[in-house]
Amino acid sequence: MLTELRISNFGVIEQLAVCFGSGFIVFTGETGAGKSLLIDAVTLLVGGRASTDQIRAQSDEADLEAAFVLPSGHPILHLLQTKEFARPGETDIVIRRVISRTGRNRTYLNGNLCPVHLLEELGGALVDVHGQHEQQSLLSSAAQLEALDAFGRLHALRQDYQVAYRSWQERVAERETLTVHIAQRREREDLLRFQFQEISDAAVEAGEDARLEQERPRLMHSQQLGDLSDQLHELLYAGDQGVLSLLASARKLLAKMVSIDQTAVEWTRVVEDAIVPLRDLADQIRHYRDQVEANPARLMEIEQRLDRLHRLSKKYGGSLDAMLVLQDSLRAQLAQLDTAETRLQDLATAVEDAARRVGELAGRLSRKRIDAAKKLTTQVTKELSALRMERTRFAVEVLPLPGETSYGQMGHDAVEFVFSANPGEPLKPLAKVASGGELSRVMLALKTILAESDRVPVLIFDEVDAGVGGAVAEVMGTRLRDLSRHHQVLCVTHLPQVGSQAHAHYLVEKQVRQQRTVTQVRLLTEREREEEVARMLAGVTVTNSARAAAAEMIGSAKERRARSD
């Protein structure tokens, strides 16, 4: 509820601070006293449009501030916590707005600067203002649908639908993304397959080029290598002058020396250690010579193979290793194309299933909305009749969204409140045909019916009773008082039948101080309240009979309130 309102330099209000309690609160006073300024201030604090014309003359800024307290768990508190304007467990909200002639307006939420659009976002969920010129939510198609769903207690079913709708949309988006991805890949598929096939046909092996580069010079110089290996083998092994023959002779000589002088034994070991590897070397050279032969066909084959490998490696990465990495990548991309096609088929099935689920829930929601619309139409019509609007007609229309398969976040329906103020006139959208007073009474009827399910904590009615009187006014007062069981209700009124039923009565009056007009608001005592209701009854001259009638009206209202409470 709204607990405190502070206003500085706003219109004819110089300084004002008012505290409020719960229940039904009325503001009364002479015409032009500034009652509507209070409503304007609250409207600005919940995101209304500001103007420098609202700043008090000879002042640079108007400063508005309001404090609210909400029940724990209210959606607004969760929103503020999400946006880091409130801590868990906090239930107080303080909104401040400064309007400057320089245009540098400022808004604060719980002491922190915030954008005006956040106040607008909060506004419809925090305060509903209804009067001759302002209906914050009644004319909104979204609010009308919300009211119907609240009346029909359809939020759980709607939530099921929204979960299914989001799932469906996610799958549709995934399918579209994958379709675009596949189309882009398909444009490159021929190139990918050609590249992969060209590399695969080459049957490239890791390190193959290095091995071929090593084999090629042997084939190119096979004759020279054969001659050299023959000479080397001859040097090591041929006849008495070969290295191995000479070493054998040296070993014999050393054996004789050792028989005489043991110090020569180490030399014997050196010679013997040289003989074994040299003998192995001679065998290897002989084997190598046997392998070396001229093979022009093999040389041509190697030349052609190296040329092909060089061309491919230059084309696909600069080296055989890079080409083999590319081959693996191409293989994976082509396999992914096949996998994507399978995934696309699965997604198509999933989209169909999700769409079917959305259609089923949307159909069920539509049927229940149509049933709820009939009941709401009946109840609002009954309420309007009690408010002496029995010659008017009201209906709730539930129409399908354009298109055979058009679904939105809220279902397949558009909800419209239609109204006719005069017999014989067709029903038209409420916003186009209802006057300000009629709109206020329709809102009062709706709020009365939706009192338990509507979670907007503060309802403000600005002269909702304009143009009515007598029994109708008494009924309106009763409805407003009944609403205060579920909401804090603030009402600007000129009717004693309404004012007498309030829990708290504030008088708005103008005074002249230092040749300037200022507006003051004060909570009336019981005696002052009787006097004000008497003034509302009698006009300029308040008689004793008017005072007696006022006391009786207030007393009767208290008795009815006591019985109903």
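Helices (H or I, at least four residues) and strands (E, at least two) are DSSP runs, numbered from the N terminus. The model is predicted: local features need pLDDT of at least 70, side-chain atom pairs count only at pLDDT 80 or more, and totals for chains, interfaces and linings use all residues. Residues are numbered from 1 along each chain as its sequence is written, and side-chain values use heavy atoms, with hydrogens and water left out.

**View 1. Second largest pocket, to whose lining H11 gives the most, with three residues.** On a 1 Å grid over the protein atoms alone, a pocket is an open set of points with protein on both sides within 12 Å along at least five of seven lines, whereas a cavity is a set of points where a 1.4 Å probe fits but cannot get out; lining residues have an atom within 4 Å of a point. Volumes are the space filled by probe spheres set on the points, which are joined across faces, edges and corners. Here the volume is about 200 Å³. Among the 13 lining residues, Gln-379, Thr-448, Ile-449, Leu-450 and Ala-451 lie nearest the centre. H4, helix H11 (320-386) and H13 each supply at least two residues of the lining. By class, the lining holds five nonpolar, four polar and four charged residues, where Ala, Val, Leu, Ile, Met, Phe, Trp, Tyr, Cys and Pro count as nonpolar, Asp, Glu, Lys and Arg as charged, and the others, Gly among them, as polar.

**View 2. Largest pocket, with about 990 Å³ of space.** Of its 36 lining residues, Gly-124, Ala-143, Glu-146, Asp-454 and Val-456 are the closest to the centre. Two or more lining residues come from each of helix H2 (75-82), helix H3 (116-126), helix H4 (141-151), strand E10 (413-420) and helix H13 (436-449). The most are given by H4, with eight residues. The lining divides into 20 nonpolar, nine polar and seven charged residues.

**View 3. Helix H4 and the residue Arg-153 just after it.** The buried residues of H4 are Gln-144, Leu-145, Ala-147, Leu-148, Asp-149, Ala-150 and Phe-151; buried means under 20% relative accessible area, with a 1.4 Å probe and protein chains only. Arg-153 takes a positive phi of about 50 degrees.

View 4. Asp-413 is buried, with a relative accessible area of 8%. Its side chain makes a polar contact of 2.6 Å with the side chain of Ser-366, and another polar contact, of 2.9 Å, joins the side chains of Asp-413 and Arg-369. A polar contact is a pair of N or O atoms within 3.5 Å; within protein, one must be able to donate a hydrogen and the other to accept it, and residues adjacent in sequence count only if both atoms are side-chain atoms. Not counting residues up to four places away in sequence, Asp-413 touches (heavy atoms within 4.5 Å) Leu-145, Leu-365, Ser-366, Arg-369, Val-398, Leu-399 and Leu-401.

**View 5. Largest cavity, with a volume of about 30 Å³.** A search of the whole structure finds one cavity of 30 Å³ or more. The lining consists of Leu-2, Leu-5, Phe-27, Leu-38, Ile-39, Val-42 and Leu-490. Strand E1 (2-10) and helix H1 (35-45) each give two or more residues to this lining, and H1 gives the most, with three. The lining has seven nonpolar, no polar and no charged residues.

Methods. Buried means under 20% relative accessible area, exposed over 50%, partly exposed in between (1.4 Å probe, protein chains only).
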